[in-house]
Amino acid sequence: MSVYPIILAQTKFTHRDSLTYPYEERGLQFGDGVYEVIRIYNGAFYLLNEHVDRLYRSAEAVKIEITSTKEELTNLLIDLLVRNDMTTDGKLYLQITRGSAPRDHVFPVDVPANMYAYITDAPRNTTNLENGVSVITERDVRWEYCYIKSLNLLPNVLAKQTAKEKGSYEAILHKDGFVTECSSSNVYLVKDGEIYTHPATTKILHGCVRMRIEQFARDLSIPFNEEGFSVEDIALADELFLSSSTSEITPIVKVDNQQIADGKPGKITKQLQEAYVEDAAIKERSMEH
Ligand code: PDD
């Protein structure tokens with residue numbers, strides 16, 4: 001199934017076919033906005049508060065005013081699931097732009113932000129989760145503020161497309177050989193029983209799943225080092241994995257056609273996957289919202 005029929009437009013619910021925007025819209029013309037992708041399992045959100053918090057942080061960083069409170073928006077998003085009788089695994093996409101106004105780089109005055117949100121089905125990719133994926137490495141040519149979940153995704157889109165054309169699932173991005181994250185996920189290396197990942201600075205998106213992984217590692221007494229690694233370190237890794245709301249915790253078994261360790265998902269990666277399934281209550285969760 002594609003998009004569920006009821007969508008959220010500003011703070012009202014409407015049919016998906018009734019939403020249109022003028023061509024002078026700042027998201028369209030400048031990528032002048034921020035967004036979130038939120039996972040849904042069995043009709044209920046996972047990490048909803050974390051995503052809403054990050055949305056407000058992103059909006060504040062680019063000086064877009066969200067007129068609803070966090071609580072109001074959270075309730076609207078939950079209501080969106082209810083109104084669509086959502087009961088399956090899916091995802092929500094939400095974006096907020098600086099609004100509709102005659103094209104001018106300068107912010108428009110007294111123009112309300114444009115917001116919409118919709119949901120789609122998104123079955124878990126059990127093949128990738130069980131077998132792992134291959135990835136490539138690409139130069140990270142993005143701006144300095146990658147902690148903002150901005151609509152400007154052209155470098156990410158280009159890197160992901162290159163990965164696809166090379167038969168890979170993702171692109172690990174690096175600045176001068178120093179790994180930051182992937183085109184649409186965070187990335188981790190395991191060596192001698194410890195996890196390494198780029199620190200949560202302005203150079204990466206502070207993933208909601210990443211935040212949970214840090215907690216899972218703590219619970220499992222696995223050292224979680226916010227210490228980056230280089231492209232060269234990858235060849236010597238015991239395990240490698242990536243995380244995002246849509247990919248969950250996906251093992252990486254090949255990088256630039258070179259196998260990682262024995263080419264199978266690693267032990268620590270699997271432990272974290274189990275912790276994720278339990279945390280998201282994927283097996284037990286029924287229709288609670
Ligand atoms: N991507 N890094 C980047 C660049 C991302 O785009 C994402 C998410 C992540 C992981 O964040 P989280 O764990 O909060 O999903 C890291 C989403 C899913 C997307 O744009 O489709």
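**A tour of the ligand site**

Select Glu 181 and the ligand: an N or O atom in the side chain of Glu 181 is 2.6 Å from a nitrogen atom of the ligand. The model on screen is predicted.

Next, select Lys 149. A polar atom of the Lys 149 side chain lies 3.4 Å from a ligand nitrogen atom.

Then go to Cys 208, and show the backbone this time. A polar backbone atom of Cys 208 is 2.8 Å from an oxygen atom of the ligand. How much of the ligand does the protein cover? On its own the ligand has 480 Å² of accessible area, and the protein covers 90% of that.

Now show the surface. The ligand sits in the largest pocket.

Switch to the cartoon view and color these elements, each of which gives two or more residues to the shell around the ligand: β3 (33–41), α2 (48–61), β9 (178–182), α6 (208–219) and β13 (239–244).

Select the whole shell of 21 residues around the ligand. Which of them come nearest? They are Tyr 35, Arg 54, Glu 181, Cys 208 and Ser 245. Color the shell by class to find six nonpolar, 11 polar and four charged residues.

Last, color by domain. Domain 1 (6–123) and domain 2 (127–283) each supply at least three residues to the shell around the ligand.

Definitions and conventions:
Residues numbered from 1 in each chain as written. Predicted model: local features only at pLDDT ≥ 70, side-chain atom pairs only at ≥ 80, totals over all residues. Heavy atoms only, no water. Near = heavy atom within 4 Å. Polar contact = N/O pair within 3.5 Å; in protein donor to acceptor, adjacent residues only side chain to side chain. Areas by Shrake-Rupley, 256 points an atom, 1.4 Å probe, with all protein chains shown as cover. 1 Å grid on protein atoms, 1.4 Å probe; cavity = no way out; pocket = protein on both sides within 12 Å on 5 of 7 lines; lining within 4 Å. Sits in = over half its atoms within 2 Å of the grid points. Helix = DSSP H or I, 4+ residues; strand = E, 2+ residues; numbered from the N terminus. Nonpolar A, V, L, I, M, F, W, Y, C, P; charged D, E, K, R; others polar. Domains from an automatic or database assignment.
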